[in-house]
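Me: I have a structure to go through with you. Please answer one point at a time and end each reply on the value or name I ask for.

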Amino acid sequence: MGARLEETPGAQVSLTDPDARAMSSHGKGTDVVGYNVQFAVDAEHHLILAHEVTNIGSDRAQLASMGEKAREASGHESITVLADRGYYSGDQIVACDGAGVAPIVPKTETSGGALRGRFTIQDFVYDAAHDRYTCPAGHFLTQAKKRSTRGPDPDFVRYRNLDVCGDCPLKPRCTSERFQQIRRWKHEDVLDAMQRRLDRMPKAMTIRRRTAEHPFGTIKAWMGATHFLTRTLPNVKTEMSLQVLAYNLKRVIGLFGVSPLMRAIAA
Ligand code: SF4
């Protein structure tokens, strides 16, 4: 068993289904070994535009591919995609940029600084016109000269002000270093643009919940809130596709009736 565990990618072996994997979950007592089902649901009719089944435990790498599938299925050149914070990934958000998919995903607060009463990056306001940050004490942090910054990381630029932090009364809430230094990713403007979209749509996550969770709830109820009937990834994908097809057919019949659906299929 030990040898088998070492040979398996991700060091996981499920004796029930060789393709099933542990899914990450924040809910207490909700850990599950199984599959990750992705739905992209249209906000107007709650039809499932695109779906996918993976055995990847987290949603972080799913945004761009699901967004593109949904855009293609919608027939629109560009769409807005609402996703929960589990989908927040800079690389995925950048991959959507310019591809007709405008994601709106809340940021994940990973530092824990806010919980300890410390400032977070949201407290530092970036001014694109002057390429500088304004810190909570109202001072400007500007780009550090490349050769004087620590770490040869070409994807990040550092902003700081060496003259102000030493005497700042807010320093205990800001940094334990000699001075504060903000790292800005080379694609940060794409993330900033997304944050502005989220700010303009304060109900985005409420809309997301009532849209995406609707088919999940309906299909789970149909399935009896139990396990998939089949095993291994290809079979589970087929099972899920049949569920999605049935859901969409019932939904269209419920919305428009049988005759318009028959006419649409024939056309
Ligand atoms: S410590 Fe420096 S960066 Fe932080 S609030 Fe004070 S002056 Fe601004």
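Me: How many other C-beta atoms lie within 10 Å of Thr 232?

Reply: This is a predicted model, in which local features need pLDDT of at least 70 and side-chain atom pairs count only at pLDDT 80 or more, while totals for chains, interfaces and linings use all residues. Residues are numbered from 1 along each chain as its sequence is written. A residue is buried with 20 or more other C-beta atoms within 10 Å of its own, exposed with 12 or fewer, and partly exposed in between, with C-beta atoms placed from the backbone. Thr 232 is partly exposed because the number of other C-beta atoms within 10 Å is 13.

Me: In which loop does Thr 232 lie?

Reply: Phi of Thr 232 is near 75°, a positive value in a residue other than glycine. Most residues other than glycine have a negative phi. Helices (H or I, at least four residues) and strands (E, at least two) are DSSP runs, numbered from the N terminus. On that numbering, Thr 232 sits in the loop between helix H6 (204-223) and helix H7 (233-256).

Me: What is phi of Asp 131?

Reply: Asp 131 is found in the loop between S7 and S8. This residue is exposed, since 12 other C-beta atoms lie within 10 Å of Asp 131. Its phi is positive although the residue is not glycine, with a value near 50°.

Me: Is Tyr 88 buried or exposed?

Reply: Tyr 88 belongs to the loop between S5 and helix H3 (90-96). Contact means C-beta atoms, placed from the backbone, within 7 Å; leaving aside neighbours within four places in sequence, Tyr 88 is in contact with Val 105, Pro 106, Lys 107 and Thr 108. With 20 other C-beta atoms within 10 Å, Tyr 88 is therefore buried.

Me: In what order do the five strands of the open sheet come?

Reply: Strands of a sheet pair through backbone hydrogen bonds, either parallel or antiparallel. Two strands count as paired if DSSP finds at least two bridges between them. Here the pairing is antiparallel, and the edge strands, each pairing on one side only, are strand S7 (125-127) and S11. The order is S7-S8-S9-S10-S11.

Me: Which residue in S11 is the bridge partner of Arg 160?

Reply: Three bridges join strand S8 (residues 132-134) to S9, where Arg 132 stands opposite Thr 142. Two bridges join S9 (residues 140-143) to S10 (residues 156-160), and the partner of Thr 142 in S10 is Arg 160. Five bridges then link S10 to S11 (residues 181-185). There, the partner of Arg 160 is Gln 181.

Me: How many residues in the shell around the ligand are charged?

Reply: Among the residues surrounding the ligand are Cys 135, His 139, Cys 165, Cys 168, Lys 171 and Cys 174, where near means a C-beta atom, placed from the backbone, within 6 Å. Ala, Val, Leu, Ile, Met, Phe, Trp, Tyr, Cys and Pro count as nonpolar, Asp, Glu, Lys and Arg as charged, and the others, Gly among them, as polar. The shell has eight nonpolar residues and three polar ones, and the number of charged residues is one.

Me: What is the radius of gyration of the protein chain?

Reply: The protein chain has eight helices and eleven strands. For 267 residues the globule rule gives 18 Å, the rule being 2.2 Å times the number of residues to the power 0.38, with the radius taken over C-alpha atoms. The chain is more spread out than a compact globule, because its radius of gyration is 23 Å.

Terms used. Contact = placed C-beta atoms within 7 Å.
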